[in-house]
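Subject: Structure handover

Hello,

Here is the structure I said I would pass on. My notes on it come after the model.

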Amino acid sequence: MRHSAADVAAMNEAIDEARRAGDGGDIPIGALVLDAEGTVLSREQNRRERAGDPTAHAEVLALRAAAAVRGDWRLEGCTLVVTLEPCPMCAGAAVMARVSRLVFGAWNDEYGAAGSAWDLVRDRRLNHRVEVIGGVLETDCGTLIHKFMAERRPGGQR
């Protein structure tokens with residue numbers, strides 16, 4: 001599938017954030033929130049290890065920061081860009097924040113909640129559904145995580 005140039009450019013920025021997370025000892029996942037015009041409202045990276053906070057996933061932090069910039073928790077018209085398919089917590093946060101689009105890189109067969117293990121973001125039982133574009137720079141995003149796990153977490157421990 002061919003992805004838009006804007007989505008690829010945003011994913012490259014998210015990859016830069018992911019690299020910084022990995023350098024800091026966290027699983028290398030980066031996220032951005034863009035407004036409807038494509039302006040970056042926030043950019044974040046995983047900080048669970050550094051913050052000692054189980055909710056300090058890149059997506060949650062980016063959503064919080066974007067809401068602060070907008071002065072509103074409703075992020076309608078916004079796009080969440082993340083290097084790895086969100087887990088259930090992060091997918092739920094995207095739904096609750098009312099983001100319009102989710103763009104992600106690597107699929108997450110174990111914890112993914114945007115089409116892999118679950119499809120929370122498009123669950124018809126919820127009051128909001130998110131458009132999903134997966135696999136943007138998938139190989140680049142996946143390589144970051146696989147390399148991190150092999151080097152820093154022998155045996156693949158998460």
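The notes below go through the sheet, the helices and a few single residues.

Please keep in mind that this is a predicted model.

Five strands make up an open sheet with mixed pairing, in the order 2-1-3-4-5. Strand 2 (40-45) and strand 5 (131-133) stand at the edges with a single partner strand each, so one side of each has no neighbour in the sheet. From one strand to the next the twist averages 15 degrees.

Going through the sheet in that order, strand 2 is joined to strand 1 by five bridges, and the two run antiparallel. One of the facing pairs is G30 with Q45 in strand 2. The hairpin of strand 1 and strand 2 has five residues between the strands, and G38 in this hairpin takes a positive phi near 95 degrees.

Strand 1 (residues 30-34) also pairs with strand 3, again in the antiparallel sense, over four bridges. Here L34 stands opposite T79, and A31 has V82 as its bridge partner.

The pairing of strand 3 with strand 4 (residues 101-106) is parallel and covers five bridges.

Helix 3 (residues 58-70) touches strand 1, strand 2 and strand 3, and its direction makes about 150 degrees with that of strand 2. Helix 5 touches strand 3 and strand 4, and its direction makes about 60 degrees with that of strand 4.

How covered are the strands? In strand 1, five of its five residues are buried. In a regular strand, side chains alternate between the two faces of the sheet. In strand 1, G30, L32 and L34 point one way while A31 and V33 point the other way, and all are buried. Strand 3 (residues 79-84) has six of its six residues buried, so this strand is largely enclosed by the rest of the structure.

Helix 1 and helix 5

The axes of helix 1 (residues 5-23) and helix 5 (residues 138-152) come within 10 Å of each other and cross at roughly 5 degrees. Angles under 35 degrees count as roughly parallel, and the two helices are therefore roughly parallel to each other. On the helix 1 side the contact is made by M11, I15, A18, R19, G22 and D23, which meet D140, C141, L144, F148 and R152 in helix 5. By type, the residues of this contact divide into six nonpolar, one polar and four charged.

The buried residues in helix 1 are D7, A10, M11, A14, I15, E17, A18, A21 and G22. Just after helix 1, G25 takes a positive phi of about 95 degrees.

Single residues

A94 sits in helix 4 (residues 88-96). With a relative accessibility of 1%, A94 counts as buried. Leaving aside residues up to four places away in sequence, A94 touches L63, L80, V99 and V130. A94 and V130 are 36 residues apart along the chain, yet their C-alpha atoms are separated by 7.9 Å.

Most residues other than glycine have a negative phi. R98 is not a glycine but has a positive phi of about 65 degrees. R98 lies in the loop between helix 4 and strand 4, and with a relative accessible area of 18% it is buried, the cut-off being under 20%. L137, also a residue other than glycine, has a positive phi near 50 degrees. L137 is in the loop between strand 5 and helix 5, and at 25% relative accessibility it counts as partly exposed.

Regards

How values were computed
Residues are numbered from 1 along each chain as its sequence is written. This is a predicted model: local features need pLDDT of at least 70, side-chain atom pairs count only at pLDDT 80 or more; totals for chains, interfaces and linings use all residues. Side-chain values use heavy atoms; hydrogens and water are left out. Axes are lines fitted to C-alpha atoms, for helices over the stretch in contact, and angles run from 0 to 180 degrees between N-to-C directions. Angles under 35 degrees count as roughly parallel, over 145 as roughly antiparallel, 65 to 115 as roughly perpendicular and the rest as oblique. Contact means heavy atoms within 4.5 Å. Ala, Val, Leu, Ile, Met, Phe, Trp, Tyr, Cys and Pro count as nonpolar, Asp, Glu, Lys and Arg as charged, and the others, Gly among them, as polar. Buried means under 20% relative accessible area, exposed over 50%, partly exposed in between (1.4 Å probe, protein chains only). Two strands pair if DSSP finds at least two bridges between them.
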